Amino acid sequence: MFTDKIELKDFDKMDPEYKELLGHVLTIQADCEIGGPHLYVEKMLPAAPTKLDQLIIARTAAEEIDHFRKVARVAGDIGVDVSFVLSQPNDKRFVDTFRGLITTWEDNSVFGFLIDRVGRYQLEEFYDCSYLPLQRILPDIVTEELGHIEYGYNKTLEMIQSGDEGKAKAQKAVDYWYVRALDMFGRSGSKRSERYRYWGLKRRTNEQARQDYMNEVGPILTQIGLKVPDPNKGRRYM
Amino acid sequence: MPQAVANTEQLDEHLMEVVRALHGAVKQGVSHKDDSKVMDKAIKDCKEILDEVMKGNVKEWLN
């Protein structure tokens, strides 16, 4: 296991595998950060239920753009150009979840509640990671992601409390996003994930992180009166 | 030191400006919650900025 801490000035001395993995994970992270706004800005900014919600959508997008900026800076400094993801069509996103378009308020709400939470898990993987410039950008990003999760949760709860129709819509959106959230953790037993851990770039295996997520989200769904979807139904990666 | 990507700093500065402008517009709207006209203007400003970001035309931004 690699336990050193690496600064930008040390990067050139690192093993090619380390360089490749760090560049790869930063590219995916950048794509996920900007992939969110590309999913919801077009339809949800004009269609959010109140003017205040419209502005919160804009603020959320601003924060995600800023997260992209920070990740792009870390990547750019090591010679990895991630700027192409800014104009990448949605159907070419690295992670399936970001392919498509959010067109309903319930999907937008549950996306914040469940998918931004996966984003938090992905970022937590880098806590105490071996590449210090990456570690340093995390606290502010995670704090903002927590705000997105809370907003998504509150809007989902409002929908449930509005009556049977709202609850049915929320459940349908949860059924759709929950399996996508689980897929976002990647394949169990992934060799690449093992190498990330070897180099101190990630903390948990894909299956550990996914299980932690399920252990956190399941009780919340039950508490707000929703059913936890079958975790094996409709999955692309097990 | 590794060789940085050529436009890294410029892109960073450009996006920082964009984010600042978005936060400014949002703050303007949120602090005038009861004034529909100010809210509408703030939403319009945000939409204009975000539409540009969504196009992702980096070359144009940095020229």
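Analyst: Happy to! Keep in mind that this is a predicted model. Let's begin with helix α3 of chain A, which covers residues 105–124. This helix has 20 residues and reaches 28 Å from its first C-alpha to its last, close to the 28 Å expected at 1.5 Å a residue.

User: Where is the kink in α3(A) centred?

Analyst: The kink is centred on F111(A), and its angle is about 35°.

User: And how many residues of α3(A) are buried?

Analyst: The count is 15 of the 20, so α3(A) is largely enclosed by the rest of the structure.

User: What about α2(A) itself, how far should its residues span?

Analyst: With 27 residues at 1.5 Å a residue, α2(A) should span 39 Å, and its end C-alpha atoms are 39 Å apart, which agrees. This helix is mostly covered, with 22 of its 27 residues buried. Just after α2(A) comes G79(A), with a positive phi of about 90°.

User: Which residue other than glycine has a positive phi?

Analyst: D128(A) does, with phi near 60°. For background, most residues other than glycine have a negative phi. You'll find D128(A) in the loop between α3 and α4 of chain A.

User: Is D128(A) buried or exposed?

Analyst: D128(A) counts as exposed, because it has 11 C-beta neighbours inside 10 Å and the cut-off for exposed is 12 or fewer.

User: On to α4(A), then. What span should its residues have?

Analyst: Helix α4 of chain A, residues 132–161, has 30 residues that should span 44 Å at 1.5 Å a residue; the end C-alpha atoms are 44 Å apart, which agrees.

User: Where does α4(A) bend?

Analyst: At L138(A), by about 40°. A proline, P139(A), follows within four residues.

User: Which residues of α4(A) are buried?

Analyst: Among them are L134(A), I141(A), E145(A), H148(A), Y151(A) and K155(A). In general, an α-helix has 3.6 residues a turn, so residues three or four places apart point the same way.

User: Why does Y151(A) count as buried?

Analyst: Because Y151(A) has 20 C-beta neighbours inside 10 Å, and buried starts at 20 or more. Y151(A) is 145 residues from I6(A) along the chain, and their C-alpha atoms are separated by 36 Å.

User: Can we look at chain B? Where is D45(B) found?

Analyst: D45(B) is found in helix α2 of chain B, residues 36–55. With 18 other C-beta atoms within 10 Å, D45(B) is partly exposed. From D45(B) to A4(B) is 41 residues in sequence and 33 Å in space, C-alpha to C-alpha.

User: And what is the place of N7(B)?

Analyst: N7(B) is in the segment before α1 of chain B, a helix that covers residues 8–30. It has 17 C-beta neighbours inside 10 Å, so N7(B) counts as partly exposed.

User: How many residues apart in sequence are N7(B) and V26(B)?

Analyst: They are 19 residues apart in sequence, and 28 Å apart in space, C-alpha to C-alpha.

Definitions and conventions:
Residues are numbered from 1 along each chain as its sequence is written. Chains are lettered from A and ligands numbered from 1 in the order in which they are written. This is a predicted model: local features need pLDDT of at least 70, side-chain atom pairs count only at pLDDT 80 or more; totals for chains, interfaces and linings use all residues. Helices (H or I, at least four residues) and strands (E, at least two) are DSSP runs, numbered from the N terminus. The expected span of a helix is 1.5 Å times one less than its number of residues. The bend at a residue is the angle between axes fitted to the seven residues ending there and the seven starting there.
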